[in-house]
Amino acid sequence: MLCLGLSGGLDKVYENRFQIANTFMHDGAAVLVRDGQVIAAVEEERLNRIKHSNKLPISSVQYCLSAAGVQLSEIDHVAYYATEAYCNAMLENMLASEPDASIPLDAKFLVQQLLAQEFGSELDPSRISFVSHHQAHAVSAFAMSGFEQSLIFAIDGSGDFQSGLVAVGSGAEISQLATFPENNSLGLFYLEVIRYLGYGLFDEYKVMGLAPYGDPVPYRELFEQFYELSANGEYRVHLDRIGPTLLRTIQVRQKGMPFTQQHKDVSASLQEALERIVFHILRHHREATGMTRLCLAGGVAHNCSMNGKLLYSGLFEDIFVQPASHDAGCALGAALIVSGELGRPAPRARLQEVYWGPDLASDHAVEEELKAWAGHLEFERTEEVADRAAEWMAGGAVIGWVQGRSEFGPRALGNRSILADPRPATNKDRINAMVKKREGYRPFAPSVLEEDAREFFDLPGSACEFPFMNFVVRVRDSKRGLLGAITHVDGTARLQTVSRKASPAYWDVINAFKQRTGIPILLNTSFNNNAEPIVDSVADSIATFLTTELDGLVVGPFLVKKRAATLEDWTALAVSLPPYVSLYKVRAHTALDRQETVCEIRTDHSSRDGVRISPELFDLLTRIEGEAVLADLLDTITLDQAQREALTGELRRLWEQRRVRMRPSQAARVHQN
């Protein structure tokens, strides 16, 4: 029995027809389960390279079908991660704002139509379902927890006009206890506050990392005006009070401005308020139900500081957090819901790993890809890849590490990771500034061999398995000075324990580092820069390696270093525009307060996302039909050497921002072969 779960929007990658609906539909993904067991899952952003993709997960579905060796017509059931009524309401809202839009108002018919267009087979409508958003969150956690019974808390910003639920799971059944309306959303509560800290949607985790630098006391009473706690675990948030109060109380931070102590204190007060509300809800339902285990899902469940507080509180004997708790995880929940309804529930077993995405190509194919970049890369193959990688890191190198199948969810768990020595505090600053190109305060996670975790981390009770970076835990006092790169300012770390059984290649490289240094830990962060999702393919990893200051790259059995590429090497590359990019000429104010026509490249159809480019590069890019070799493009206009270098440099900067694509031309590949 094959069941396919979907999350995300309804547009193709180059479309923006459903802009209103897409505001609520993001983190597209596809998950395929056979008889209740996951066989393939990937987020659409990993494949279409659009962060938090709100597009129809076409590439994700293609991958899942390919992994199973089936056609769409062979899928027994397809489930979408929102109710049919909610989807129809979104379509009606869109039609009200765009009366001329030629779209059907029947969501089921629309999904059927879109899948038929892409995959050439029209599913019977009876094989397409829409499931409750928060029920999908709940099932995605409980079904993967291994618990026979537990309390379930699914909480996020919004979905199906609600923001969460509390339920009890028992066997294959989930009984709902309470729901939370959208106007009482803890996700929106968090989001509304961080707007005044220079952040927005999808930046919540950044503020969580900033909070330990602040003190919640100065703004505690202020934040108590924003929510009320009442009997029976009930609460109320006053979203309408937040903006007016903060505007007259704090200096609003604009994006890019430095953080003041005031901003840090507000972050600390916000985090404290969230935790206080969550504990209030859970204490009541823990006492009312007698449940000693807890499952968490929904975007708010990615707040690993909150999860850590719950862990140490002793309120529950065991806590399971769904590793893809955001909306992509609803694709998993949707697939499991319909699989259960068809008599194939998920086996009752604790989730151990989420390496469900595309695998690396064969060693031969990887080698051919590396050869095509001969002007930019040098590489060697080795049978001692873990030992050599560990040697690099022990010597101070920061490396990209790409092995096996990619992870499902927002965390790099050792298959698509940037790795480094966890000891020097300077590694944190270096990676933030030179690789991730992000705020310097943000911490990095440690990956530790499971059997050595308790030596370095103060873990509550008998817990020793933390495979998904879902909990912030305490670094032992005696180890904090040693682990300077992964210990946060408050003495904590977002821990990943690594099992030899679940992740043998990753275990091997950490163990090899231990043999050299005595430290069974590596700094682990996602393999991407600030402009892109986590890498998935070999091509992705090469692009990120060449556009960051990483020292080395390990892909399968290959050790890769950079060459000093010449201008000729760069201009030999083929250039193309991603399907989500558009070129514009617009009237804009200059620094002298005059209006003139400027050229922009945008990754959506909003001027807010525009990056200005030179008229010369604009002209060059408009000449591309599909893909063109840069040298050939430059030859179409009269340029001296300095101008060729300047345009190539400007193009490379756009490549770093993932607004253009650069890769070896087909001719270069043939030549290398």
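How much space lies in the largest cavity? About 110 Å³.

Before the details, the ground rules. This is a predicted model, so local features need pLDDT of at least 70 and side-chain atom pairs count only at pLDDT 80 or more, while totals for chains, interfaces and linings use all residues. Residues are numbered from 1 along each chain as its sequence is written, and side-chain values use heavy atoms, with hydrogens and water left out.

Cavities, then. A cavity is a set of points, on a 1 Å grid over the protein atoms alone, where a 1.4 Å probe fits but cannot get out. Points are joined across faces, edges and corners, and a volume is the space filled by probe spheres set on them. Searching the whole structure gives three cavities of 30 Å³ or more. The largest has 15 lining residues, and the closest to its centre are Gln352, Pro467, Thr497, Ser499 and Ala502. Lining means having an atom within 4 Å of a point. By class, that lining holds seven nonpolar, five polar and three charged residues. Here Ala, Val, Leu, Ile, Met, Phe, Trp, Tyr, Cys and Pro are nonpolar, Asp, Glu, Lys and Arg are charged, and the others, Gly among them, are polar.

Next, the strands. Strands are DSSP runs of E, at least two residues; helices are runs of H or I, at least four; both are numbered from the N terminus. Two strands pair if DSSP finds at least two bridges between them. Look at E7, residues 162-170. Seven of its nine residues are buried, so the rest of the structure largely encloses it. Buried means under 20% relative accessible area, with a 1.4 Å probe and protein chains only.

E7 has a partner in E6, residues 149-159: the two run antiparallel, joined by eight bridges. Ser150 pairs with Gly169 of E7. The two strands form a hairpin with two residues between them, and Asp160 in the turn has a positive phi of about 55 degrees. E7 also pairs with E8, residues 173-181, again antiparallel and through eight bridges. Here Ala167 has Gln176 of E8 as its bridge partner. This hairpin has two residues between its strands as well, and Gly171 in the turn shows a positive phi of about 65 degrees.

Now a helix. H20 covers residues 538-546, and eight of the nine are buried. Among them are Asp540, Ile542, Phe545 and Leu546. At the N-terminal end, Ser537 is the cap: a side-chain oxygen sits 3.4 Å from the backbone nitrogen of Ala539. For reference, a polar contact is a pair of N or O atoms within 3.5 Å; within protein, one must be able to donate a hydrogen and the other to accept it, and residues adjacent in sequence count only if both atoms are side-chain atoms.

Arg49 lies in the loop between helices H2 (44-48) and H3 (58-68), and is buried at 11%. Met469 is another, near 55 degrees. Met469 sits in the loop between strands E17 (457-458) and E18 (471-475), and is buried at 2%.

Last, cysteines. Cys64 is buried, at 0%. For Cys295, the closest cysteine sulfur is in Cys330, at 15 Å, too far for a bond. Cys295 is buried too, at 0%.

Notes: 1 Å grid on protein atoms, 1.4 Å probe; cavity = no way out; pocket = protein on both sides within 12 Å on 5 of 7 lines; lining within 4 Å. Buried < 20%, exposed > 50% of the residue type's maximum accessible area, 1.4 Å probe, protein only. Disulfide = S-S within 2.5 Å.
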